[in-house]
Amino acid sequence: MSRVYNFSAGPAVLPEEVLKEAADEMLDYNGTGMSVMEMSHRSKAFEEIITEAEQDLRDLMNIPDNYKVLFLQGGASLQFSMIPMNLMKNKVADYIVTGQWAKKAFQEASKYGKANKIASSEDKTFSYIPDCSDLPISEDADYVYICENNTIYGTKYKTLPNTKGKTLVADVSSCFLSEPVDVTKYGVIYGGVQKNIGPAGVVIVIIREDLITEDVLPGTPTMMQYKTHADAKSLYNTPPAYGIYICGKVFKWLKKMGGLEVMKQRNEEKAKILYDFLDQSKLFKGTVEKKDRSLMNVPFVTGDQDLDAKFVKEAKAAGFENLKGHRTVGGMRASIYNAMPKEGVEKLVEFMKKFEAENC
Ligand SMILES: *Cc1c(COP(=O)(O)O)cnc(C)c1O
């Protein structure tokens, strides 16, 4: 068996320890004589798995008691609709568009009410985060929406927008559990877990209780009402059980690592290795404004498409997988999530130095 350094943006690298544990438990989970994939979601064994997963997440993020944690399906993309359907009481919401995902969420919300694009960084191919200290927040906005870490473009909000008292809703898919957050600053925090937490198929929604009501847009399907899932503790129907089990293991791994403060330090250290190299390289350069750089997704280019393609090909042959940039941006992107070891980043930089020497 040999494992590569996987720089995929998602689904992405998971801690090897977690994968090994899951492999050990594949045929017989904890003396049940069956795999977690095979067990009833109403069984005692699974009840323990989901209860512990929620508690561990609450511990890691310091989630206050007046927030619910929901394990849902439909990916982050279904939240683009669930959020307006559940939260647009006045049918008005403000969106800050910092990339493709925020743009999709904005377009989806426009189907259900008046979605206002109050700021955007599209003028410079989303290479920065706009100044959000004094935006024209709508008087009657039900919420202000952001995508906190822009997976495709590699930008991250270093300070949250001033929402002038309105509820903040954030898609944190690609920075989930990468550093501590103050949950109380948000009404809703949500993310697909396949970027930094677990296997595709689970989306976690952390939502303040007062936002969970029966007063949703007419016609909202039962399965798309937060109340349905909150009342049933994420067991209204069959949840993505195996995925939740793996997420639970990753939460335990994060706790063992020392929690989110430690993860933040590690992630800063890893990102610095790559950014420092990019900043002095004669061949490669980062594509994002320095102050807005993501710790998780690092896009870079040589400035020559053929050379980019050559780099991606040679990197792959050397055991560095999935470095090709998003199809809408080109170039390269290294996603260096929690589970990417520091050694992976160091080796990538060594390889980039060698490539630079050979091609410059
Ligand atoms: C990947 C991603 C999405 C889309 O996730 P799906 O689970 O495929 O719907 C949305 N937002 C962000 C920030 C992402 O990185």
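Two residues are in contact when they have heavy atoms within 4.5 Å. The structure is a predicted model, in which local features need pLDDT of at least 70, side-chain atom pairs count only at pLDDT 80 or more, and totals for chains, interfaces and linings use all residues. Residues are numbered from 1 along each chain as its sequence is written, and side-chain values use heavy atoms, with hydrogens and water left out.

D292 was examined with this contact rule. Leaving aside neighbours within four places in sequence, D292 is in contact with Y128, I129, G154, T155, K156 and K158. D292 sits in the loop between β11 (285-286) and β12 (297-301). Strands are DSSP runs of E with at least two residues, helices are runs of H or I with at least four, and both are numbered from the N terminus. The relative accessible area of D292 is 5%, so D292 is buried. Buried means under 20% relative accessible area, exposed means over 50%, and partly exposed lies in between (1.4 Å probe, protein chains only).

E269 belongs to helix α7 (residues 260-280). E269 counts as partly exposed because its relative accessibility is 40%. V345 is 76 residues from E269 along the chain, yet their C-alpha atoms are separated by 9.9 Å.

Nonpolar cores were then traced. Such a core is a set of buried Ala, Val, Leu, Ile, Met, Phe, Trp, Tyr and Cys residues joined through side-chain atoms within 4.5 Å. The largest has 88 residues. Those with the most contacts inside it are M61, I204, I206, F251, F284 and F311. Helix α6 (residues 241-257) gives the most to this core, namely 9 residues. At least three residues come from each of domain 1 (16-257) and domain 2 (259-359); the bounds come from an automatic or database domain assignment. Beyond four places in sequence, I206 touches residues including L57, M61, F176 and V188. A second, separate core has 32 residues, among them L70, Y143, V169 and Y226.

The residues around the ligand include G75, F80, W101, C147, D171 and K195. Helix α3 (residues 75-87) supplies the largest share of this shell, 4 residues. Polar contacts are pairs of N or O atoms within 3.5 Å; within protein, one must be able to donate a hydrogen and the other to accept it, and residues adjacent in sequence count only if both atoms are side-chain atoms. An N or O atom in the side chain of K195 is 2.5 Å from a ligand oxygen atom. For a polar side-chain atom of Q194, the distance to an oxygen atom of the ligand is 2.8 Å.

Notes: A residue is near a molecule or strand if one of its heavy atoms lies within 4 Å of it.
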